[in-house]
Amino acid sequence: MNRNRTNPTIRSLAIAVCVLTLAACATMTVNRVLEDPSRYRNREVTLSGEVRDSFSLMNRGLYRIEDRTGSMWVVSDRGVPRRGARVTVTGVVREGFNLGPIASQLPRDVRSGVVLVERNHRVRD
């Protein structure tokens with residue numbers, strides 16, 4: 001019996017574990033969320049990108065992040081990063097988020113689209 005030979009079942013299991021680990025660590029992209037928003041609705045996700053637009057309105061902030069795949073609006077109660085900042089933001093995906101009476105003053109895609117309600121954000125260097 002050759003002890004240097006690996007059992008095929010153990011080898012297959014090890015490969016499966018590696019593949020699942022890499023898939024779990026894959027970076028979430030804006031396009032992935034926007035492709036199927038119902039899949040991520042009311043779920044927490046983390047996205048990274050550059051701030052393209054930034055507004056503060058009535059004790060609430062709103063900013064648009066853009067990654068290499070697309071852009072998405074983020075609603076914040078914690079203030080907003082400046083335009084051009086690179087951020088990593090974690091929050092809950094919401095569809096048709098109601099911004100109340102201030103919605104009419106905002107771009108159309110914010111009023112009826114998918115937004116990320118921020119739990120926290122971190123500005124990266």
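Visitor: How should I read the exposure of a residue in this predicted model; for instance, is Arg-83 buried or exposed?

Guide: Relative accessibility is compared with two cut-offs: under 20% a residue is buried, and over 50% it is exposed. Arg-83 has a relative accessibility of 56%, so this residue counts as exposed.

Visitor: Which residue forms a salt bridge with Arg-83, and how far apart are the closest N and O atoms?

Guide: The salt bridge of Arg-83 is with Asp-53, and their closest N and O atoms are 2.7 Å apart. Because Asp-53 belongs to strand β1 while Arg-83 lies in the loop between β3 and β4, the pair ties together parts 30 residues apart in sequence. In contrast to the exposed Arg-83, Asp-53 counts as buried, at 16% relative accessibility.

Visitor: How many salt bridges does the structure hold, and which residue pairs with Arg-52?

Guide: There are 7 salt bridges in the structure. One of them joins Arg-52 to Glu-66, with the closest N and O atoms 3.2 Å apart. This pair links distant parts of the chain: Arg-52 is in strand β1 (residues 44-57) and Glu-66 in strand β2 (residues 60-67), 14 residues apart. Arg-52, at 32% relative accessibility, is partly exposed, and Glu-66, at 29%, is also partly exposed.

Visitor: What other salt bridge does Glu-66 form, with Arg-64 as the partner, and at what separation of the closest N and O atoms?

Guide: Between Arg-64 and Glu-66 the closest N and O atoms are 3.7 Å apart. Arg-64 has a relative accessible area of 17%, so this residue is buried. Through shared partners, salt bridges join Glu-50, Arg-52, Asp-53, Arg-64, Glu-66 and Arg-83 into one network.

Visitor: Over which ring does the charged end of Arg-64 sit?

Guide: The charged end of Arg-64 sits over the ring of Trp-73, 6.0 Å from the ring centre. Contacts between two aromatic rings are counted separately: with ring centres required to lie within 6.5 Å, the count is 1 aromatic pair.

Visitor: Turning to the strands, which run parallel or antiparallel to β5?

Guide: Strand β3 (residues 70-76) runs parallel to strand β5 (residues 114-124), and 3 bridges join them. Strand β4 (residues 86-95) runs antiparallel to β5, with 10 bridges between the two.

Visitor: What are the bridge partners in β5 of Val-75 and of Gly-91?

Guide: Val-75 has Val-117 as its bridge partner in β5. For Gly-91, the bridge partner in β5 is Glu-118.

How values were computed
Residues numbered from 1 in each chain as written. Predicted model: local features only at pLDDT ≥ 70, side-chain atom pairs only at ≥ 80, totals over all residues. Heavy atoms only, no water. Phe/Tyr/Trp six-rings, centres within 6.5 Å; stacked < 30°, edge-to-face > 60°. Lys NZ or Arg CZ within 6 Å of the ring centre and 35° of its normal. Pairing = 2+ DSSP bridges. Helix = DSSP H or I, 4+ residues; strand = E, 2+ residues; numbered from the N terminus. Salt bridge = Lys/Arg side-chain N within 4 Å of Asp/Glu carboxyl O. Buried < 20%, exposed > 50% of the residue type's maximum accessible area, 1.4 Å probe, protein only.
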